[in-house]
Amino acid sequence: MSEAIGADERAAALDSLGGVLGEAGAEAINGPRDQLAESLLRAAFELWEDPQVRPRLLGILHAAVNSEEGAAQMRQFLANQLFAQAGKALGIAGMDIYQAAETIKVPAIHINAAAGQVWGVVLLRYVVKLEPIASASSEELIQLLTPTIRRYLG
C-alpha cells in the first residue's frame with residue numbers, strides 16, 4: 001500500500017487509531033493511574049507494529065507533514081476525535097482535549113506535549129529510520145518513553 005493515501009482512507013485509519021487509543025485511555029483512566037502512560041504507549045506501538053495498519057498510519061503522517069489538508073485532518077483528530085473516542089468509552093459524550101485534561105487533572109498543553117513526544121519517536125523510527133531508535137524493540141521504547149509521558153499526564 002502506498003504511503004500517499006486518500007482523505008477517506010486517512011479518515012478510516014484515524015478512526016481506528018482513535019478507537020484503540022481512546023479505549024486504552026479510558027481503561028487506563030479507570031485503572032491504576034500510574035499505568036496510564038504505559039497503557040497508552042502499548043496501544044500506540046501495537047498499532048504501529050502491525051504490518052496491516054502501519055502503511056495507513058504512515059500515510060496519515062506523510063499527509064500531515066506534506067499538505068494542509070492532511071495537517072488539518074491530523075489536528076482535528078488530535079484535538080477532538082481522539083478524546084471523543086475516550087469520552088465515549090468513559091460515558092462522557094463529546095469529550096474534547098480540555099475535558100480530557102480536566103478528567104486526568106493536567107493542563108491541556110501537557111496532553112499536546114505527550115502527543116508530540118510520541119509522534120517525534122514515531123517519525124524517527126518509521127519515517128527517518130534513525131538508529132538506534134529504528135531497530136529498538138517496542139518494549140524498549142515503551143520503557144524509555146513511559147517516565148516522560150507519565151510526567152506529562154500524571
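**Stop 1: the aromatic cluster**

Select W48, W119 and Y126, which together form one aromatic cluster. Bear in mind throughout that this is a predicted model. The structure holds 2 aromatic pairs. In one of them, the ring centres of W48 and W119 are 6.1 Å apart and the planes stand at 85 degrees, so this pair is edge-to-face. It links distant parts of the chain, with W48 in helix α2 and W119 in helix α6, 71 residues apart.

Now keep W48 and show Y126. The ring centres of W48 and Y126 are 4.9 Å apart with planes at 15 degrees, so the pair counts as stacked. Because W48 belongs to helix α2 and Y126 to helix α6, this pair ties together parts that are 78 residues apart in sequence.

Is W48 buried or exposed? Its relative accessibility is 3%, so W48 counts as buried. Y126 is buried as well, with a relative accessible area of 7%. For W119 the value is 18%, and since buried means under 20%, W119 is also buried.

**Stop 2: the nonpolar core**

Which residues have the most contacts inside the largest nonpolar core? They are F45, W48, I111, I149 and L153, in a core of 46 residues. To see where the core comes from, colour by helix: α1 (7–30), α2 (36–48), α3, α4 (68–90), α5 (97–104), α6 (108–128) and α7 (138–153) each supply at least two of its residues. As background, nonpolar side chains in soluble globular proteins tend to be buried together.

Select F45 next and display its surroundings. Leaving out residues up to four places away in sequence, F45 touches V121, R125, Y126, S138, L141, I142 and L145. One of these, Y126, is a member of the aromatic cluster from the previous stop.

**Stop 3: T146 on helix α7**

Move to T146, which lies in helix α7. T146 is buried, at a relative accessible area of 4%. Where does its side chain reach? The side chain of T146 comes to 2.6 Å from the backbone oxygen of I142.

**Stop 4**

Select residues 54–66, which make up helix α3. This helix has 13 residues and spans 18 Å from its first C-alpha to its last, close to the 18 Å expected at 1.5 Å a residue. Which residues of α3 are buried? They are L57, L58, G59, I60, L61, A63 and A64.

From there, go to L123, placed in helix α6. L123 is partly exposed, with a relative accessible area of 33%. Draw a distance between the C-alpha atoms of L123 and L58: the two are 65 residues apart along the chain, and the separation is 9.0 Å. L123 touches L61, V128 and K129, again not counting residues up to four places away in sequence.

**Stop 5: confidence**

Finally, colour the model by pLDDT. The mean for the protein is 85, and 94% of its residues reach 70 or more. Where is confidence lowest, and where is it highest? The lowest is in α1, at a mean of 72, and the highest is in α7, at 96.

How values were computed: Residues are numbered from 1 along each chain as its sequence is written. This is a predicted model: local features need pLDDT of at least 70, side-chain atom pairs count only at pLDDT 80 or more; totals for chains, interfaces and linings use all residues. Side-chain values use heavy atoms; hydrogens and water are left out. Helices (H or I, at least four residues) and strands (E, at least two) are DSSP runs, numbered from the N terminus. The expected span of a helix is 1.5 Å times one less than its number of residues. Buried means under 20% relative accessible area, exposed over 50%, partly exposed in between (1.4 Å probe, protein chains only). A nonpolar core is a set of buried Ala, Val, Leu, Ile, Met, Phe, Trp, Tyr and Cys residues joined through side-chain atoms within 4.5 Å. Contact means heavy atoms within 4.5 Å. pLDDT is the predictor's confidence in each residue, from 0 to 100. A polar contact is a pair of N or O atoms within 3.5 Å; within protein, one must be able to donate a hydrogen and the other to accept it, and residues adjacent in sequence count only if both atoms are side-chain atoms. Rings of Phe, Tyr and Trp (its six-membered ring) pair if their centres lie within 6.5 Å; planes under 30 degrees apart count as stacked, over 60 as edge-to-face and the rest as tilted.
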